Amino acid sequence: MNDDLKVRASALHALDFAKRHDFAGADPYDGLTSPLAKLLVGRLPRQAWQQVIKRSNLTIRAMTGIRPVRMAKATALFAEGLWLLGRQDEARLLGDRLLASQAGGPWGYEFDVQTRWAHYRAGTPNVIATAFVIRALAVQKRLDEVNPEVLEWLYSLIDPRGYFHYTPASSALIHNGNLLAAETVARMGGDLGAVRAAAEITLQHQSSDGSWAYGEGSNLSWIDNFHTVYVLESLSRLADYEIGSRDQLKSGIDYWHKSLLSQDRLPFYYAGDRSPSTDVHNIATVVGGLSKFKDPLAVPGHAHPTVQLLLSHQGPDGGFRDKPGSVPYMRWNQAHAFCALAKVMVTDGNGSNGTED
């Protein structure tokens, strides 16, 4: 089987896996859905519990009362990938699910979340879930069906300094969240003045080498691969509205190619890493990024080493795992891998839609 057919077969196998589970599954950050987690008080105990569950198998998850969840963001990624592959009827069914949930938006995660910088309850809207749902509905040209309160909710997240908060639970400046919110407002025909102001703040924080930290603050200064891709993809979409700087976007892409891909053209997780990432979510997001921002130092499309690395993480059952025997996370792994492979097929001219959005 040639590489082209391998990519198609892998994407369809990934989709079959998701369908067999009705698009529901485990997530690396679903630990707080456990009834036992209700006993935890404070950030550190909740973070520690999440990390323990993240490293646990499905048996431990079941013993601690953690059940599979169907997530809006995962549904959106499957819907977008299906549309790209020309399977519009199936994509629309998933779009119907999204529009029927959360009263038509905005959307959040289906479990309590504890990060280094925020704690918020299940269902609390956040810009990441909302932005990915809007992307999926945009390719279906269904934004007119979205609850108009989504725009008002996004405006409510604007900090007095001009950027968008990631969630109402925190005022931290998270660059990918700020730009995803800005992109979403632009897509929905909102206030481009607010979008421009928010984008400008993230552009002002670009380092001289072209990189962005995850966010602003002493505990948010790391640089990782997939959040960098999120930033670049949003800036690319905002450029369609004549917002941002194409020179700064190019500088960011050059940094990404140079510093977050190895000499063998495999993705690192963090800037400064010496070994390629084994995280499927990270690898898949990079594959999606490569379909938009061509790697000048490697063969394009399905033959790129990072695409081959992604394919190597798929098991005989169609599930994508970080390593053999680990959990095939539905959102973190499966949905991102499927959508990324669909983008590769479209880029190579083997999809049916021929355009991402």
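How many nonpolar, polar and charged residues are in the lining of the second largest cavity? By class, there are six nonpolar, four polar and two charged residues. Ala, Val, Leu, Ile, Met, Phe, Trp, Tyr, Cys and Pro count as nonpolar, Asp, Glu, Lys and Arg as charged, and the others, Gly among them, as polar.

Some ground rules. This is a predicted model, where local features need pLDDT of at least 70 and side-chain atom pairs count only at pLDDT 80 or more, while totals for chains, interfaces and linings use all residues. Residues are numbered from 1 along each chain as its sequence is written, and side-chain values use heavy atoms, with hydrogens and water left out.

On a 1 Å grid over the protein atoms alone, a cavity is a set of points where a 1.4 Å probe fits but cannot get out, and a pocket is an open set with protein on both sides within 12 Å along at least five of seven lines; lining residues have an atom within 4 Å of a point. Grid points are joined across faces, edges and corners, and a volume is the space filled by probe spheres set on the points. Helices (H or I, at least four residues) and strands (E, at least two) are DSSP runs, numbered from the N terminus.

Back to the second largest cavity, which holds about 110 Å³ of space. Its lining includes Val287, Lys294, Asp295, Pro300 and Thr347. Helix H12 provides the largest share, three residues.

Next, the largest cavity. Its volume is about 130 Å³, and of its 15 lining residues, Leu77, Glu233, Thr285, His336 and Lys343 lie nearest the centre. Helices H4 (72–84), H6 (127–139), H10, H12 (280–292) and H14 each give two or more residues to this lining. Over the whole structure, the search finds four cavities of 30 Å³ or more.

Now the largest pocket, at about 1100 Å³. Of the 42 residues that line this pocket, Tyr29, Gln51, Lys54, Tyr269 and Trp332 lie nearest its centre. Helix H2 gives the most, four residues. The lining divides into 19 nonpolar, 14 polar and nine charged residues.

Asn333 counts as buried because its relative accessibility is 0%, and buried means under 20% relative accessible area (1.4 Å probe, protein chains only). Leaving out residues up to four places away in sequence, Asn333 touches Val280, His281, Phe320, Arg321, Asp322, Val327 and Pro328, where contact means heavy atoms within 4.5 Å.

Note on methods:
Buried < 20%, exposed > 50% of the residue type's maximum accessible area, 1.4 Å probe, protein only.
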